[in-house]
Amino acid sequence: MAIRVHLPDGNELELEEGASGADMAAAIGPGLARAALAVEADGELRDLTAPVRDGASVAVLTAKSDGALALIRHDAAHVLAAAVMELYPDVKISIGPAIDNGFYYDFEFPEGVSISDADFPAIEERMRAHVKAAEPFVREDLPVTLARERFAAAGQDYKVELIDDLVAKEGVETVSLYTNGPFTDLCRGPHAPSTATVKAFALQSVAGSYWRGDSNRTMLTRIYGTAFFSKDELAAYLERLELARQRDHRRIGRELGLFHFSELAVGSAFWTPHGTTLWNTLRDLMSELTAARGYTEVKTPQLYDAELWRISGHWDKYQGNMFVTSDEERPLGLKPMNCPGHCLLYAMARHSYRDLPVRFAEPGLLHRNEPSGTLHGLLRVRHFVTDDGHIFCTEEQIESEVAGFLEFAAEVYALFGLETRVELSTRPDVRIGDDALWDRAEAVLAAALDATGTAYALNPGDGAFYGPKIDMHMRDSLGRSWQLGTIQLDYNFPERFELTYTGADNAEHRPAMLHRAILGSLERFLGILIEHLGGVLPVWLAPVQAIVLPISDRLNAAGEEAASKLRSAGARVELDHRSESVARKIRDAELRKIPYMLVLGDREEADGTLSLREHGGADRGAIAIDALAAELAELTLTRAR
RNA sequence: GCCGGAGUAGCUCAGCUGGUAGAGCAAUCGCCUUGUAAGCGAUAGGUCAGGGGUUCGAGUCCCCUCUCCGGCUCCA
């Protein structure tokens, strides 16, 4: 009896019944048999030892295949756990998956034992021994009762909990165990044939992580690592990581003198004069663009009676994140969001359907009492300004308003050369408003996304407490994802604040409300932007657009004259009048990433020109000062990149 | 907030097993007068995060607090 399988090249292959993936690879060729790691059958990865199903579409997974890295990283996680269990026999194991750039394994170490990267060499040495031994990964399928007994007997409580959950939630009757050398783990698989493939690995960091991501449960110790098929690839990856670290906005912010932090104002940036110029340029950009899009700018208070926060729901749902104070008789809250203030402002005047949509924009200063452990440079702060806006509109206008926003956001991100990842986040556990409202709100957002052809991922349960949202995310230099823009549909606030407009029927109606921001917080956006650009800001954003470099002290007066001509044309220009060599002045200007370096020597002075060197080294030769002024003005006006 | 690590001059860091702090860059002053990525010299700069303890003696050992870093939870 023979079975037939379909190969990726369209051919069919005949195999004996019961043939394994390894048999299949061997039937195709000896080279493939040696390279084979696993088999993909009808889209599902399986061990090489597993029998091949008749009629399946199969592909042999090798080091070159997509998914092969994830496979050996998962193998590496088992090798890590094996090594850790040898060194710390009383350790409890939990889970150890492959992740984007590597793998981790979470352990509970015995009381009093803590792991740091100083322990990595010993662990890695044990890991190398397991790899060198080329221990086969052996799969075993066991009835859940037997598997449970086995892990219970070994004191592996986390594995027992996992098995109990598999039974309760998925009704499984058997589970699979994988053994490599002395180590056995509850694992779905698949794995490569042996540990030998995990040749190039490195442990990277140790961190805490809650069991099952629940902050009420045990804090486990997570060890992160990565693995590649070759030492060269591993070295190249580690080198890339190091280069990314050089782009860290906290480092660049210090080097370029843009902002500082102080332990006397935790989570709040101090912007230097240069940093403030950059920040203001960004704020002015958004004021200009929102005005062009039909928003009107408004200003609302910082500090409100607690009553406002009770109406909005913040007092119940968000107070932990608010800075609360009081006057002589009343509790007060510093605003963490602009929306309640905007609702009050909307309600202070009557609105006709003819006026809608009303679009309020406010570069609003917000304070949020973020947990200390989450603060991170400019990317997570307690004091920040959002390019916030709220749109009050009719039900019929929602879709076009959301579509208009998606367009607007795309325009802004394009100015900076950023590409974002879009997510639709739906109702969270902690929320206000009934489910019917949420159903409607989620459906409208999805419709607007579809109508504009925006690609997005679904992020269930991550909406704001008052409504679902569409978020735009960017990654920082270390690969962490941060939310920038957002648009959130909210039927709840209009109810709570009893907002109305007069319809064509002369009756009062409830408007819908959209909360939206494109940059998110200016602070976070600048952090991400600095990392994206590696600190090399385009002319229109650069705090110092050009610096005049006289080649000798005797030209300092001419330098001042040239600089002031450029300044009166609107350019942000400095003069380097130090008694230093041109080479030195160039070097310092390069390190400050100043776009235009303008060398002034005797020839230039005589001709009324400056010799232009752009950041990065391009030498454009002598250019008339008027022409330079015009060029800088043009680059600033057009926001050229 | 939780787990782990770290905190020495403005910045980057050295300071072995305890014997009262050092370099480079930056800064200041002077000399040099410079043509596209570091000219030379001198000077100044530190309650070694803060507090408590052990010790004849603490940057170094112990405890507490603060902040920062990496994660986790949370979030723009």
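Colleague: How many salt bridges does the count come to by this rule?

Modeller: This is a predicted model, and the count comes to 46 salt bridges.

Colleague: Let's take one. What makes R139 and D141 a salt bridge?

Modeller: The rule asks for a side-chain nitrogen of Lys or Arg within 4 Å of a carboxyl oxygen of Asp or Glu. The N to O distance for R139 and D141 is 3.1 Å, so the pair qualifies.

Colleague: And why is R139 called partly exposed?

Modeller: Buried means under 20% and exposed over 50%. R139 has 37% relative accessibility, so it falls in between. D141, at 49%, is partly exposed too.

Colleague: What about D185 and K159, are they buried or exposed?

Modeller: Buried: D185 comes out at 2% and K159 at 2%, and the cut-off is under 20%. Their side chains meet in a salt bridge at 2.6 Å, N to O. D185 lies in strand β11 and K159 in helix α6, so the pair ties together parts that are 26 residues apart in sequence.

Colleague: Which residues do salt bridges that share partners join into one network?

Modeller: E161, D165, K169, R212 and R217.

Definitions and conventions: Residues numbered from 1 in each chain as written. Chains lettered and ligands numbered in written order. Predicted model: local features only at pLDDT ≥ 70, side-chain atom pairs only at ≥ 80, totals over all residues. Heavy atoms only, no water. Buried < 20%, exposed > 50% of the residue type's maximum accessible area, 1.4 Å probe, protein only. Helix = DSSP H or I, 4+ residues; strand = E, 2+ residues; numbered from the N terminus.
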